Amino acid sequence: MDQARKLVGTARRILILTGAGVSAESGVPTFRGSDGLWRKHRPEQLATPQAFQSDPRLVWEWYGWRRELVGACRPNAAHAAIASLTLANEDARLVTQNVDGLHELALEEAAAQGPSPGMSIDRAAPIRLHGSLFRTRCTGCNDRTSDRHPVDAQSENSLPKCRKCAALLRPDVVWFGEALDPDILRNSMQAAERADVCLVVGTSALVHPAASLPLLTKQSGGVVVEVNTEPTPLTEIAALSIRGQAGQILPDLLGVEPGR
Ligand code: APR
């Protein structure tokens, strides 16, 4: 832990890559853990464009359920520690695979606790690789909108419709088989190449291109530090891999008082 604290503490540029594990202590189910969503549901039935094409009601019912579940969750100490770091250090970037919005909530809470010099919420905002549960995209005109409303998925008629062109809306998330937004991908790859340290927190590192970002840091001469309750495919390339829960490790690792 001392080594990791030193590596992170002395790094000029830090990339933090997070996955579902960072939200596990907030009560958000992971995807592949023992209580994982993909243990109970089949991703090909719920998280692909084909699934939405064949049964938009079923897909919306599931995203409505996730919105409600996640809507009741609060950021934990790991989210708070990352928010404090990205607000205080303009060379710290957060890239997340999570669509739960808890990093954004933690950022608002940290910023509300008083300004620090050079602080900019916009600059500290996470790069969201896979979209957000609380945004929709129009299948007709591609209009994107924030939306935290409960979803009425009783029938196809009741599903959310575009306020501009009345076409069916879909969750603004990246589904399996879909490409990431090219600007978002480019920005996250640049952050990975520029980083001295890539801190990887709570991801099984099985989904690409997210899982290849730490490799980019390593290939560009930086080091990878991993925090996870279990080993992952990244453990072998990590300079340090710390076993434990993110909410317990990150405040100490990032030098942030718990609850601050
Ligand atoms: N602290 C740290 N790590 C944890 C914790 C915790 N409290 N709880 C679980 N983990 C770890 C697990 O050991 C696992 O390695 O978090 C990881 C979660 O892995 P996944 O469930 O596979 O989630 P993730 O890696 O984010 O999935 C990537 O896959 O399903 C798609 O689009 C979805 O963004 C998601 C992507």
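**View 1. The second largest pocket of the predicted model, which holds about 290 Å³ of space.** A pocket here is an open set of points on a 1 Å grid over the protein atoms alone, where a 1.4 Å probe fits, with protein on both sides within 12 Å along at least five of seven lines, and lining residues have an atom within 4 Å of a point; the volume is the space filled by probe spheres set on the points, which are joined across faces, edges and corners. Among the 16 lining residues, R144, D172, V174, D181 and I184 are the closest to the pocket centre.

**View 2. Strands β4 (131-138) and β6 (169-173) in the lining of the second largest pocket.** β4 gives the largest share of this lining, four residues, where strands are DSSP runs (E, at least two residues) numbered from the N terminus.

View 3. A polar side-chain atom of N228 lies 2.7 Å from a ligand oxygen, and an N or O atom in the side chain of H130 is 2.9 Å from an oxygen atom of the ligand. A backbone N or O atom of A246 lies 2.9 Å from a ligand nitrogen.

**Notes.** Residues are numbered from 1 along each chain as its sequence is written, and side-chain values use heavy atoms, with hydrogens and water left out. In this predicted model, local features need pLDDT of at least 70 and side-chain atom pairs count only at pLDDT 80 or more, whereas totals for chains, interfaces and linings use all residues.

Terms used
A polar contact is a pair of N or O atoms within 3.5 Å; within protein, one must be able to donate a hydrogen and the other to accept it, and residues adjacent in sequence count only if both atoms are side-chain atoms.
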